[in-house]
Amino acid sequence: MNLNIYKNLKRGVESNFINLNPIQRGGVLTVEARKAVLEFADGYSVCDYCFESRVDLVQNPPVRKLTEDIAEFLNMDDVRYTAGCRHAKWAAMHMVGKPGDTVVLDSLAHYTSYLAAEANRLKVVEVPHSGYPEFTIDPHGYAEKFEEVERKTGSLPALALLTHVDYRYGNIGDAKAVGKVCKEYGVPFLLNTAYSSGIMPIDGKRLGVDFLCGSGHKSWAASAPIGILATTYEWNQQIFDKSTIRGDWSGRGFTKKEIALFGCSPVYGAPLMSLMASFPSVVERVKHWDKEVENARYLATQFERIEGFHQMGVKPTQHTLMAFETLPLFEVAATTQKRGYFLYHELKKRKIMGIHPGMSKSFKVNTFGLSRSQIEYVANAFHEIAREHGIPVE
Ligand SMILES: *Cc1c(COP(=O)(O)O)cnc(C)c1O
């Protein structure tokens with residue numbers, strides 16, 4: 001065993017590079033969060049004054065206030081902290097469905113939505129998306145699938161799930177329309193806001209959402225792992241149901257503990273305190289979402305000046321996460337020794353990271369939180385790389 005490899009661990013990506021990695025932009029910590037992480041880095045650091053057996057109720061540090069404020073921010077009634085968006089989905093499905101039930105979800109859903117259903121022994125039925133190049137989800141597809149499930153199984157699905165912003169094209173699903181369909185059929189509605197809450201404004205009640213899950217490390221400037229599960233008064237008893245188990249010999253019970261949250265929450269310490277410390281900035285930054293989208297559109301326009309570069313998904317882009325088809329780069333890759341990695345090397349030389357190494361046929365970027373001058377720098381770098389490899393730039 002060489003224990004030296006665990007010493008002096010360094011990353012240096014956020015400090016030395018412009019990082020375009022789609023999953024990382026919304027999770028870059030604020031200065032306040034970085035300080036809070038150091039202060040609360042020790043194990044169970046938030047448990048000094050825990051009197052009610054649950055972290056969401058701790059008053060010092062002000063977790064209980066944060067819980068209320070996040071509910072207000074999302075226009076939902078109650079919130080819990082989970083081990084990521086995936087755990088929030090698992091928890092909602094676990095408490096709403098029973099084995100054999102069906103979940104209707106969009107066909108652009110994240111793998112963790114499928115696995116959450118699988119782990120709960122639920123079946124999935126997909127609402128199809130439209131074809132190339134837009135890949136949109138028609139809310140009416142939910143009604144069709146609800147009826148199909150009812151015809152085939154004799155009952156409506158236990159839950160409908162919409163991925164608010166899909167991770168492949170950055171399209172924004174019509175949550176309000178899906179919420180309306182769900183209300184009409186009486187199917188509870190789970191909105192996956194992994195790529196929306198924390199970076200853009202969300203109003204759960206207006207969208208008709210029953211359960212809202214979010215990702216702290218993806219979109220709320222928090223350290224991993226932390227997610228959010230929000231719900232309404234109507235559902236909070238069922239979703240946050242408490243333990244009733246008894247030790248058969250000891251008679252011990254844990255009646256304050258919530259089942260789907262593993263009793264307390266599975267997150268405390270650094271992740272929770274980073275979420276808290278970033279929260280004031282998050283409340284502020286969603287107000288400037290329009291600016292972020294403007295910046296993304298600017299980069300898309302600059303990319304499309306390169307011959308054969310096309311933005312996929314809805315145009316102009318509605319989000320800072322974008323996918324581009326880049327066939328000419330793929331043709332260049334075929335002629336170089338580094339193959340698809342040539343792009344990665346060219347970008348790294350120019351202090352740009354975050355495009356999946358080896359990718360050249362298509363790739364994704366996220367501009368969230370980058371300044372206009374950083375984005376201009378990225379656009380120029382791509383123009384330069386294209387020209388150097390004989391790809392015309394308009
Ligand atoms: C990233 C992502 C997730 C996973 O989020 P975690 O907080 O890491 O569990 C879930 N759904 C979508 C749509 C995502 O993009």
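**Close-up views of salt bridges**

**View 1. K315 and E304 join their side chains in a salt bridge, with 2.9 Å from N to O.** Keep in mind as you look that this is a predicted model. The two partners lie 11 residues apart, and the pair links distant parts of the chain. Find K315 in the loop between β9 (309-312) and β10 (321-326), then look for E304 in the loop between α11 (289-303) and β9. K315 is partly exposed, at 46% relative accessibility, and E304 is partly exposed too, with a relative accessible area of 28%.

**View 2. D77 and K205 form a salt bridge through their side chains, at 2.7 Å from N to O.** Here 128 residues separate the partners. D77 sits in the loop between α3 (63-74) and β2 (78-82), while K205 belongs to the loop between β6 (189-192) and β7 (211-215). Is D77 buried or exposed? D77 counts as buried because its relative accessible area is 19% and the cut-off for buried is under 20%. K205, at 39%, is partly exposed.

**View 3. E258 meets K242 in a salt bridge between side chains, 3.8 Å from N to O.** Both residues are found in the loop between α9 (233-239) and α10 (269-285), 16 residues apart. E258 is buried, with 1% relative accessibility, whereas K242 is partly exposed at 35%.

**View 4. R54, D56, D78, R80, K242 and E258 belong to one network.** Salt bridges that share partners join these residues. How many salt bridges does the structure hold? There are 21.

Note on methods. Residues numbered from 1 in each chain as written. Predicted model: local features only at pLDDT ≥ 70, side-chain atom pairs only at ≥ 80, totals over all residues. Heavy atoms only, no water. Salt bridge = Lys/Arg side-chain N within 4 Å of Asp/Glu carboxyl O. Helix = DSSP H or I, 4+ residues; strand = E, 2+ residues; numbered from the N terminus. Buried < 20%, exposed > 50% of the residue type's maximum accessible area, 1.4 Å probe, protein only.
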